[in-house]
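Please keep the sequence and the structure in view while working through the numbered points.

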Amino acid sequence: MLKRSKVALCSIALALFAMPSAADAQPSGFWQCAPFARMFSGVQLFGAAASWWSQAVGKYSRGGTPKEGAVLVFKAIGSMRSGHVATVSQVLSDRMIKVTHANWSSRGQVEHDVLVMDTSAKNDWSQVRVWFKNLHDLGTHSYPVYGFIYGKKAADAVKADAAQQGDTDGDDGSKS
């Protein structure tokens, strides 16, 4: 009898150990912006999206010029207490880009090639408006952003641009 009790207890313990914790359990297809951006861009930063800007110091180049593959980092504000991150999928012009990101228009969902417009007075990507699916238009708010974190692909593009312009350090000279 004692042997059966031990086997039963071990079986229960193993079953409990194998179950995902409540923090890990998410509905299938549900994404937060930071884990999605990390997976999609390859930029290996963790924690609240807004903290990525300071975490990038010494690990990744940062700047104010959009490059394909870069991560756009939104500041934390009242409606976005943790900020937001989105990966640049295409640069359309000096004031328009497309991003791929998660958890924006629809809770937990991924959106591909979403239009983002620089609305900053100085054309420095410090304020943006983002396409909002439910409006079928750019959103009604401008959001403050830190700038762009350049992962490997985006850093290579920054270096190539710098080489064309005769700058050898690979920094785009903005917002570091």
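This is a predicted model: local features need pLDDT of at least 70, side-chain atom pairs count only at pLDDT 80 or more; totals for chains, interfaces and linings use all residues.

1. In which sense do S2 and strand S8 (residues 143–150) pair, and over how many bridges? The two strands pair in the antiparallel sense over four bridges; two strands are said to pair if DSSP finds at least two bridges between them.

2. Residues are numbered from 1 along each chain as its sequence is written, and side-chain values use heavy atoms, with hydrogens and water left out.

3. The confidence of the model deserves attention. The predictor's confidence in each residue is called pLDDT and runs from 0 to 100. For the protein the mean pLDDT is 82, and 74% of the residues reach 70 or more. Over residues 5–27, however, pLDDT stays under 50, and the model has zero contacts beyond four places in sequence for them. A contact means heavy atoms within 4.5 Å.

4. The overall architecture comprises four helices and eight strands. Helices (H or I, at least four residues) and strands (E, at least two) are DSSP runs, numbered from the N terminus. From that end the order is α-α-α-β-β-β-β-β-β-β-β-α. Of the 176 residues, 38% count as buried; buried means under 20% relative accessible area, exposed means over 50%, and partly exposed lies in between (1.4 Å probe, protein chains only). Among contacts between residues at least 6 apart in sequence, 48% join residues at least 24 apart.

5. Which residues of helix H2 (residues 33–41) are buried? They are Cys33, Ala34, Phe36, Ala37, Arg38 and Ser41. An α-helix has 3.6 residues a turn, so residues three or four places apart point the same way. After H2 comes Gly42, with a positive phi near 85 degrees.

6. Most residues other than glycine have a negative phi. Asn103, in the loop between S4 and S5, has a positive phi near 65 degrees. Asn123, in the loop between S5 and strand S6 (127–132), has a positive phi near 55 degrees. Asn103 is partly exposed, with a relative accessible area of 23%; Asn123 is partly exposed as well, at 33%.

7. Finally, Ser82 lies in the loop between S2 and S3. Is Ser82 buried or partly exposed? Ser82 is partly exposed, because its relative accessible area is 41%. Leaving aside residues up to four places away in sequence, Ser82 touches Ala48, Ala49, Ala50 and Ala76. Ser82 and Gly47 are 35 residues apart in sequence, yet their C-alpha atoms are 8.9 Å apart in space.
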